[in-house]
Amino acid sequence: KAIFYIMRAIFLISLFSAIFSIISNNIFIFLAFETALFVPFLLRHSRVVRKSDTDLADYPFVSIIVPMRNEKNNAVECVRSLVSLDYPNFEVIIGDDSSTDDTKKLLMEEINKNPIAFPIKLFDVSQVPNGWTGRTWATYQLIKKAKGELMLITDADVRHSPKSLKSSISHFLETKADIMVRFLSPIIKGAGEWPILFLIFILKFSSWFSLRLLGRRQAIARGEYLIFSKHCYERLGGYRAFKNNHPITPAIFNSAFKKGMNVVIVDDDSKEIETRMYEGFMETAKGIVGRTNFHSFGVYSFLGAFLPIFFAIDYIFKIISGVSANDNSLIWGGLVSYSFFVLFFAAYLAVSRQPFYVAVFAPFLAFYFMLIGLLSIIRSAFNRPLRWKGRVYQIK
């Protein structure tokens, strides 16, 4: 099984590399192809989310589910942002998942000092049974206590602006979604966290490429802000059906696609909802390595993730070939190739309200993700366990 998985990954990478190497031999065809991909991506419709300035005719009751484990640096800010939500009909259900720091103490203090009109319920999550991943088990336990027509699954490191829930629910209802994920704006502090910007770019492009451009029912996204109806949850079989999947969101998407559900992915460029995914270089590296699993990628999603990396590093191969062959046209072609990708990535960062100068370092970030991909393939092929927040998981 491990050898088959590795061979499949090598075959796909080799096939895509061969195809795009042929395209890249003609710089004009290559740049036209790159432009034809990235300009529509920058103008994609999913960048727009309906902002509701007027009251909804009916506010469905929403249960906000927030599992937490060792989140002392995030717990208080998370609760304060939830308290600020301008939405009249919701509850917050927080689960302390056997934290070994002061998470529970801080949560209790913050909840008790906030006289609010809606309930914040704090529960202890029971010990994770064999065959489950920790966050999935915690979420499953908390959903059992939810009363909402709709459920929002979110994380402790997410910061909600007052209007965010109203605009999200408005968009959910307007698009007649069964399940909706919303990409969040990452909070970046320092160069060690720049890979997060390239990661979000890859995920957004991959989902748009496979789902919108090719019309294929494949998508990948992170699950920090996931909304679904109670009916959808029951049709999917609940979180029990995904107890050992990692990451869980693509597995949920795949199941929803197969059942003919309406899966909506919102990747608007506002800072209405923000998240500090990882802090510093080491946590960023460990987090991305630990949460990357190519088993969850379909072929078209895999191709969508491959393309930005290929475009980012293509210029290196052109310049090396030009130097080796003493061919100035190849060297200039490499520099033009580099400039074009930097231009597109900078435009993406600018409209995402992120530091656009990071685009200059795109090739280094692309090589970083090539290494991440290799480590992920090896780990998945040999069924190596995942270590996160003091736990060890054997995952699918």
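Biologist: How many bridges join β4 to strand β8, and do the two run parallel or antiparallel?

Modeller: This is a predicted model. As a general idea, strands of a sheet pair through backbone hydrogen bonds, in either a parallel or an antiparallel sense. Here 5 bridges join β4 to strand β8 (residues 225–229), and the two run antiparallel. Within that pairing, Ile153 stands opposite Leu226 in β8.

Biologist: What is the sense of the pairing between strand β1 and β4?

Modeller: Strand β1 (residues 62–68) pairs with β4 in the parallel sense, over 4 bridges.

Biologist: Is strand β4 buried or exposed?

Modeller: A residue counts as buried when its relative accessible area is under 20%. In strand β4 (residues 150–154), 5 of the 5 residues are buried, so the strand is largely enclosed by the rest of the structure. Both faces are covered: Leu150, Leu152 and Thr154 are buried on one side, Met151 and Ile153 on the other.

Biologist: In what order do the strands of the 7-stranded open sheet come?

Modeller: The order is β3-β2-β1-β4-β8-β6-β9, and the pairing is mixed. Its edge strands are β3 (120–124) and β9 (263–266), each pairing on one side only. Neighbouring strands of this sheet are turned by 20° against each other on average, direction ignored.

Biologist: What does strand β6 pair with?

Modeller: Strand β6 (residues 179–182) pairs with β8 in the antiparallel sense over 3 bridges, and 4 bridges join β6 to β9 in a parallel run.

Biologist: Are the side chains of β9 buried or exposed?

Modeller: Val263 and Ile265 point one way from β9, Val264 and Val266 point the other way, and all are buried.

Biologist: Which strands do helices α3 and α6 lie across?

Modeller: Helix α3 (residues 75–83) lies across β1, β2 (90–96) and β3, and runs at about 175° to β1. Helix α6 (residues 164–174) lies across β1, β2, β4, β6, β8 and β9, at about 50° to β8.

Biologist: What is the order of the 3-stranded open sheet?

Modeller: That sheet has the order β5-β10-β7, with mixed pairing. Its edge strands, β5 (158–160) and β7 (185–186), each pair on one side only. β7 and strand β10 (residues 273–275) run parallel and are joined by 2 bridges; Ser185 has Glu274 as its bridge partner in β10.

Biologist: Why does Trp208 count as buried?

Modeller: Trp208 counts as buried because its relative accessibility is 9%, and the cut-off is under 20%. Trp208 is in helix α7 (residues 194–213). Not counting residues up to four places away in sequence, Trp208 touches Leu37, Pro40, Phe41, Arg44 and Leu213. Trp208 and Asp267 are 59 residues apart in sequence, while their C-alpha atoms are 9.5 Å apart in space.

Biologist: Which residues form the nonpolar patch on the surface?

Modeller: The patch consists of Leu371, Leu374, Leu375, Ile378 and Phe382, which together have about 470 Å² of accessible area. Ile378 is in helix α13 (residues 362–381). With a relative accessible area of 38%, Ile378 is partly exposed.

Note on methods. Residues are numbered from 1 along each chain as its sequence is written. This is a predicted model: local features need pLDDT of at least 70, side-chain atom pairs count only at pLDDT 80 or more; totals for chains, interfaces and linings use all residues. Side-chain values use heavy atoms; hydrogens and water are left out. Patches are made of residues with over 30% relative accessible area and no salt bridge: like charges are joined within 9 Å, nonpolar side chains (Val, Leu, Ile, Met, Phe, Trp, Tyr) within 5 Å. Accessible areas come from the Shrake-Rupley method with a 1.4 Å probe; for residues, only the protein chains shown count as cover. A salt bridge is a side-chain nitrogen of Lys or Arg within 4 Å of a carboxyl oxygen of Asp or Glu. Buried means under 20% relative accessible area, exposed over 50%, partly exposed in between (1.4 Å probe, protein chains only). Two strands pair if DSSP finds at least two bridges between them. Axes are lines fitted to C-alpha atoms, for helices over the stretch in contact, and angles run from 0 to 180 degrees between N-to-C directions. Contact means heavy atoms within 4.5 Å.
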